[in-house]
Amino acid sequence: MKKFTNVHDIGSLKQALADAAEIKRDRFAMTDLGKNRTLLMLFFNSSLRTRLSTQKAAMNLGMNVMVLDVNQGAWKLETERGVVMDGDKAEHLLEAIPVMACYADIIGVRSFAGLTDKREDYEERVLEQFIKYSGRPVISMEAATRHPLQSFADIITIEEYKRKERPKVVLTWAPHPKALPQAVANSFAEWAVAAGYDLTITHPHGYELDPAFTQGATIEYDQDKALAGADFVYAKNWSAYADPDYGKVLSTDRSWTIDSRKMALTDDGYFMHCLPVRRNMIVTDDVIESDRSLVIPEAANREISAQTVLMRMLKAL
Ligand code: CP
């Protein structure tokens, strides 16, 4: 595997889930595989889970790990070619990438959407430059349009908790005070469709996602109707995708917050969220603290999704 940026890069999802289950049975079975290999994790944006789970996964495989927070202690990086660099950015990504590649066998990159230029975001300009110029396998640790390590962990979690072959899974928009990228929602939809789930997406008007990610899902604007009979409720906020409102917060309507009344509409459904979560905006305290909440198992499975991807990349080196 040379890159992990979306569900297609993983090949057979069934096989990937089998690999993940095998790793979960004994995550220390391959401690020699990564010996003398180095993972460089590069963060243009903050992280708790991705940073720790990916590092832990690499250590489980015997790898060395280096972490660089680009905006704290490194030279500020210019990402656009052709720019006259007379501002505060001292180094260009086109030099920085091959330099970093000298020190690493695998590179993980986190680079969020800027939410000002839709074309730039959806072309994945930063991530694609790493793939093109590093000559190393590249893992997306959340890019502008997708968060595949999270989605893979979410699907592992659903497989562990589902009570029927084809569960009803509802991806619901929920309110948030700040503009967030569409990456988690896009990615979850992409992976849930690939997994063959009965996927419904619900959101207020104006929050339609890129149709490239929602093909195969049912769109329902009435949240109560969408939640009826759900086996899993995946809550997430995202900003508007459609023009002319790209990247904007159109609503903070707290009637969309997931509370116990909403969960009572489900078929004793589980609550899911990728974290970090804003309590009593996205979900009420009682729901996230309930025995139907899977937020911690999802986070735990981030180690497993990362280890599955790293194992495959190491085997292909
Ligand atoms: N879910 C997730 O990616 O968490 P972090 O942003 O903390 O890495």
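Helices here are DSSP runs of at least four residues and strands are DSSP runs of at least two, both numbered from the N terminus. With that in hand, welcome to this structure, which is a predicted model. One place to begin is Leu115, found in the loop between strand E6 (106-110) and helix H4 (118-122).

**Backbone features in the loops**

- Leu115 is not a glycine, yet its phi is positive, at about 65°. Buried means under 20% relative accessible area, so Leu115, at 12% relative accessibility, counts as buried.
- Glu142 sits in the loop between strand E7 (138-140) and helix H6 (148-161). Glu142 also has a positive phi without being a glycine, and here the value is about 110°. With a relative accessible area of 9%, Glu142 is buried.
- Pro244 belongs to the loop between strand E11 (232-236) and helix H10 (260-264).
- You will find Pro276 in the loop between strand E12 (270-272) and helix H11 (285-288).

**Helix H5 and its buried face**

- Helix H5 covers residues 125-133, and its buried residues are Val126, Leu127, Gln129 and Phe130. Looking down the axis of H5, these buried residues fall within an arc of 160°, so they line one face of the helix.
- As a reminder about helices, an α-helix has 3.6 residues a turn, so residues three or four places apart point the same way.
- The cover over the buried residues of H5 includes strand E2 (38-43), helix H3 (93-102), E6 and E7.
- Just after H5 comes Gly135, with a positive phi of about 70°.

**How H3 meets H5**

- The axes of H3 and H5 are 10 Å apart, and the two helices pack at an angle of about 50°. H3 and H5 are therefore oblique to each other.
- The crossing in which H3 passes H5 is right-handed.
- On the H3 side, the contact is made by Leu93, Leu94, Ile97, Pro98 and Met100, which meet Val126, Gln129, Phe130 and Tyr133 in H5. Sorted by class, this contact of H3 with H5 has eight nonpolar residues, one polar residue and no charged residues.

**How H6 meets H1**

- Helix H1 (residues 13-25) and H6 have axes that come within 11 Å and cross at roughly 80°. That makes H1 roughly perpendicular to H6.
- Ala16, Leu17, Ala20 and Lys24 in H1 meet Phe152, Ile155, Ile156, Glu159 and Glu160 in H6. The classes in this contact of H1 with H6 are six nonpolar, no polar and three charged residues.

**How H6 meets H12**

- Helix H12 (residues 295-316) is also a partner of H6, and the axes of H6 and H12 come within 8 Å and cross at roughly 115°. The crossing of H6 and H12 is right-handed.
- Residues of H6 in this contact include Leu149, Phe152, Ala153, Ile156 and Tyr161, while those of H12 include Pro297, Arg302, Ile304, Ala306 and Val309. By class, the contact of H6 with H12 has nine nonpolar, five polar and four charged residues.

- Asn36 lies in the loop between H1 and E2. Its relative accessible area is 63%, and Asn36 is exposed.
- Not counting residues up to four places away in sequence, Asn36 touches Asn64 and Asp105. Asn36 and Gln307 are 271 residues apart in sequence, and their C-alpha atoms are 17 Å apart in space.
- Arg278 is found in the loop between E12 and H11, the loop that also holds Pro276. At 36% relative accessibility, Arg278 counts as partly exposed.
- Leaving aside neighbours within four places in sequence, Arg278 is in contact with His176, Pro177, Lys178 and Val283. A separation of 21 Å lies between the C-alpha atoms of Arg278 and Asp224, which are 54 residues apart along the chain.

Notes: Residues numbered from 1 in each chain as written. Predicted model: local features only at pLDDT ≥ 70, side-chain atom pairs only at ≥ 80, totals over all residues. Heavy atoms only, no water. Buried < 20%, exposed > 50% of the residue type's maximum accessible area, 1.4 Å probe, protein only. Arc of directions from axis to C-beta. Contact = heavy atoms within 4.5 Å. Axes fitted to C-alpha atoms, helices over the stretch in contact; angles between N-to-C directions. Parallel < 35°, antiparallel > 145°, perpendicular 65-115°, else oblique. Left-handed = near helix turned anticlockwise from the far one by under 90°. Nonpolar A, V, L, I, M, F, W, Y, C, P; charged D, E, K, R; others polar.
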